[in-house]
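Trainee: I would like to learn how to read helix packing and sheets. Can we take one example and go through it?

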Amino acid sequence: ELFNTTIETSEKSDNLHERLKILLQQTLLTAYTNVSRGLFEQHKLIYSFMLCVDIMREHEQLTEAEWNFFLRGSAGMEKERPPKPEAPWLPIQMWFSCCDLEESFPIFEGLTKHILLRPISIKLGSFETYINPPVWEGYPKQRHEEEKDHVWGLDFSSFHKLILVKCCKEEKVVFALTDFVIENLGKQFIETPPVDLATLYQDMSNSTPLVFILSTGSDPMGAFQRFARESGYAERVQSISLGQGQGPIAEKMIKDAMKTGNWVFLQNCHLAVSWMLAMEELIKTFTDPNQTIKDTFRLFLSSMPCSTFPVTVLQNSVKVTNEPPKGLRANIRRAFTEMTPSFFEENILGMKWRKLIFGICFFHAIIQERKKFGPLGWNICYEFNDSDRECALLNLNLYCHEGKIPWDALIYITGEITYGGRVTDTWDQRCLRTVLKRFFSPETLDDDYTYSDSGIYFAPLADSLQDFKEYIEDLPLIDDPEIFGMHENANLVFQYKETNTLITTILEVQPRSSSGGQGKSNDEIVQELVASIQTRVPESLQMEGASESLFVKDPQGRLNSLTTVLGQEVDRFNNLLKLIHISLETLNKAIAGLVVMSEEMEKVYQSFLNNQVPSLWSNTAYPSLKPLGSWVKDLILRTEFVDLWLKRGQPKSFWISGFFFPQGFLTGTLQNHARKYNLPIDELSFKYNMIPVYRDQAAVIESAKDIQFGTELPMDKELPSPEDGVLVHAMFMDASRWDDKDMVIEDALPGQMNPMLPVVHFEPKQNYEPVHTLYHSPLYKTGARAGTLSTTGHSTNFVVTVLLPSKRISDYWISKGSALLCQLSE
């Protein structure tokens, strides 16, 4: 149908070659417009980009190998790469990517050299970025060689530039993609085609329904009723919201309308799962040649995305998404569009009332928009919706009708019930209370109160609803992280997250290809990986032959609790190592054709190609977000940590990330202390003392290889030997950094994502009462932060609360989402 329409409506030309070219263009554009209006905002760019790449691959403008490198990085395990030069701006990941690029594609020859010689700028259409700092004192001074070097990078295609951006400036990928599509396909492929019901109506017919795909906070009903009025159908529309028992009523409605030629609108199809099959059968009859349907009959459906919606209906219908615009301004504007002037203007509290309402609406917008910062915003993504806001405003009205404002009651109801009722994570609950305080508390009623330090956002001193609406129209289009109480780095976090989501989404829809055309086949790549992991990962850890010092008993004949912890860790590691080696064996046999490739092995095979950790392994392992290469490296480091402990006795400082179950280690430490001083263990908690020494686990392992047993490591001499408690190293800071001079936490430097925390002394104290200036920072195993409670009452991600000294009030760090992590995601 699309195809025929295109042929009829496109521009005619007598020259066959021209005509074909025009047809190709038009078909592409029509396909784009039709598919794109049925996609959510976040997927539209992905779709245009994939269209673009497929066309370029047809024209052989980019190779399979380049496309794979862009998506997956270089496959294969640890290679020997040249050592990283001393440049503070060059992260190790970026250096590795550059080395791999140079090795894989001859066109990038000399990249690792040039990146240290002068600033390299990448231009793609209107997008421009430097892959290394524009100014750096490390660049060599000489200028006379410049002429012959300037040629480097001139013959890059736009995709080569894209690969460079992906390797060196990952957070800018989404911006670069936009310009990449404009340059190769044209501007109309990234502009959202305007969608109004009148144009959609032309694509419908009495046998082609229209499906509205909903998202939280959107409602197409208003626009639909307006359109029905304009078309003169206002009297002839029947609508029903589906739910329990509504199916048969809807069915009768549709059958009657087919005879009378009315319009039917079925809302919320996702709520009537059981009736979907019946609906599918009914809609199939529309195309039956023997069925008589009045020409004016039209069927409209609306549904949230769900797997139960019948596919045949989706295939034979016009689809359009309906989602609310993003950003604070749009969110607050939506709240004020729904408000009546009488509710807003006529209240006994006068000006105070209007400030209260504005504060609630602003608060609502902030907590919804915080979601875009990922775990920095909320540990768990909550679906706050417009009814929460309406409910909060109704409560406000209920409690304030006597002219007094019962602050305690209102703050409790709004923060703990209306909004807090959705929040399941204790740390998110703390964050919600803190954010609420900024927009809804007695101070917010002062005349000169602003919502953030910049002074751009405040409640205007106006009386009419219209004045407020005009103020809202003048708010900035793009929200600065500052209004959320966030650090400027939060934007980088958000952009990394967007890039990651984009790449993962593309990987999920990739077809299975057999080989890269040139270069190695997939089988070879996987076999190399298998061999590499088999040789580098130990088969098991042995408790036999462990150091005598671990088994020394105390006067009561009790074993050291940390040795018990060690034993449990060894068991956990051995389970995982055994599983890895068995599955690698099987995979090798399956590739060689000696055993059948089971579905499970198929998944492992696919994960290896995508540089992801197979789910078979990660389900048995500790939580980790690392890609396969770094994951294996990390696993080896963990086994070496445990092995060193077994052979040399207790380490001077413990690597907190090396444990499967860090909580067990901390409990063991408390138990040792309780036994030593005969104290009840439930009265003990940790006091945290910072020791200004940094310690890297890989370096510890390296230095231990060269030193004979029984002698102290040189780096251990820098550390004190505390009487009680343990030293712990390698915690990373999220959304803050450690200031060595003042020994407090400070704001992170621009672009600095996860700086390290120095060694910390965990000292058990009885009935410890911390000073109130300390910031209570949660320590998580990974950057995802959200975990589930396991049967032992421990979270799968949260480990312990670490108290950090700070010069600022805790609220400052809470809004920023500052926390500690055991390991990073790369």
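**Helix packing and a sheet**

Mentor: Start with a contact: Leu 45, Ser 48, Phe 49, Cys 52, Val 53 and Met 56 in H3 meet Val 174, Leu 177, Thr 178, Phe 180, Val 181 and Asn 184 in H9. Contact means heavy atoms within 4.5 Å. Helices (H or I, at least four residues) and strands (E, at least two) are DSSP runs, numbered from the N terminus. By class, this contact of H3 with H9 has nine nonpolar, three polar and no charged residues. Ala, Val, Leu, Ile, Met, Phe, Trp, Tyr, Cys and Pro count as nonpolar, Asp, Glu, Lys and Arg as charged, and the others, Gly among them, as polar.

Mentor: A caution on the source. This is a predicted model: local features need pLDDT of at least 70, side-chain atom pairs count only at pLDDT 80 or more, and totals for chains, interfaces and linings use all residues. Residues are numbered from 1 along each chain as its sequence is written, and side-chain values use heavy atoms, with hydrogens and water left out.

Trainee: At what angle do H3 and H9 pack?

Mentor: Two packed helices are described by the angle between their axes and the distance between the axes. Axes are lines fitted to C-alpha atoms, for helices over the stretch in contact; angles run from 0 to 180 degrees between N-to-C directions. H3 (residues 41-58) and H9 (residues 173-184) pack at about 50 degrees, with axes 10 Å apart. H3 is therefore oblique to H9. Angles under 35 degrees count as roughly parallel, over 145 as roughly antiparallel, 65 to 115 as roughly perpendicular and the rest as oblique.

Trainee: Which helix axes cross at roughly 155 degrees?

Mentor: Those of H2 (residues 16-36) and H3, which come within 10 Å. H2 and H3 are therefore roughly antiparallel. Their contact has seven nonpolar, two polar and one charged residues.

Trainee: What is the strand order in the open sheet of four strands?

Mentor: The order is S8-S10-S15-S9, with mixed pairing. Two strands pair if DSSP finds at least two bridges between them. S8 (653-655) and S9 (684-691) stand at the edges, each with a single partner strand, so one side of each has no neighbour in the sheet. S8 and S10 (residues 726-729) run parallel, joined by three bridges. There, Phe 654 stands opposite Val 728.

Trainee: Which element has the lowest mean pLDDT?

Mentor: pLDDT is the predictor's confidence in each residue, from 0 to 100. Helix H7 (residues 146-149) has the lowest mean, 46. Where pLDDT is low, the predicted coordinates should not be read in detail. The chain mean is 91.
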